[in-house]
Amino acid sequence: DRIGIMKEGNLLFIGNKEELYKSTNKDNVEEASNQNFSGMNLEDNEKVLEQKKAIVEEVSSLLKDSGSVILAEYRGLNVAEISELKRALLKENAKMCVYKNTLVDRAVDACGYTDMKQYLEGPNALISSSDSISAAKIATKFAKKHEQLVIKAAIVEGKVVGKDDVIALSKLPNKEGMLSMLLSVLQAPVRSFACAVKAVADKE
């Protein structure tokens with residue numbers, strides 16, 4: 001295979017060069033190698049192996065350090081639509097990365113998320129956020145508008161979950177909403193107590 005790499009802002013594409021040409025702006029695609037792997041010398045092969053190892057480590061860190069990582073197929077999305085998704089993600093400090101399935105496969109093996117391996121077919125993207133909810137909210141909302149984005153599964157707080165769980169997660173309030181709900185629960189009895197004390201004081 002000929003490997004192509006494209007990085008545009010917070011969006012990173014790494015994969016088959018021809019596939020990247022089809023789904024992205026080919027002018028932004030940098031060819032990682034100008035020849036087939038079979039024609040490389042030993043030194044070139046070692047460099048490629050080091051590159052692959054570094055990418056696997058990068059994916060592993062993403063899987064382990066993120067609050068949630070959603071696996072979604074993006075086949076059919078054009079550059080404008082991908083940019084739209086990228087902007088929505090950036091607003092919530094989330095990101096979208098694309099890697100070769102074979103490298104993601106090695107990473108999920110290394111991290112112990114083997115249940116994710118069954119979904120590694122087709123052009124997939126990893127949509128991640130530092131919290132557990134943001135990635136699910138953005139991906140689910142975008143998928144409703146663009147059916148080409150197909151949510152397959154996710155890793156949430158170290159657990160592999162299915163599409164239905166991602167959709168359910170997207171319906172939960174975000175961090176600010178949860179804090180607001182918690183504050184309301186905590187303040188409710190305080191307000192009631194304060195009103196009762198004031199009523200007694202007024203009587204006296």
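Analyst: Strand β7 (residues 150-156) is largely enclosed by the rest of the structure, because six of its seven residues are buried, where buried means under 20% relative accessible area with a 1.4 Å probe and protein chains only. Strands here are DSSP runs of E with at least two residues, and helices are runs of H or I with at least four, both numbered from the N terminus. This is a predicted model, in which local features need pLDDT of at least 70 and side-chain atom pairs count only at pLDDT 80 or more, while totals for chains, interfaces and linings use all residues. Residues are numbered from 1 along each chain as its sequence is written, and side-chain values use heavy atoms, leaving out hydrogens and water.

Two strands are said to pair if DSSP finds at least two bridges between them. Strand β4 (residues 68-73) pairs with β7 in the antiparallel sense over six bridges, and Ala-72 stands opposite Ile-151 of β7. Strand β8 (residues 159-162) also pairs with β7 in the antiparallel sense, over four bridges, with Lys-159 of β8 as the bridge partner of Val-156. β7 and β8 form a hairpin with two residues between them, and in the turn Glu-157 has a positive phi of about 50°.

A nonpolar core is a set of buried Ala, Val, Leu, Ile, Met, Phe, Trp, Tyr and Cys residues joined through side-chain atoms within 4.5 Å. The largest has 26 residues, and Ile-70 and Leu-149 are among those with the most contacts inside it. β7 is one of the elements that give two or more residues to this core, while α5 provides the largest share, six residues. Apart from it lies another core of 20 residues, including Leu-71 and Ala-153.

Methods:
Buried < 20%, exposed > 50% of the residue type's maximum accessible area, 1.4 Å probe, protein only.
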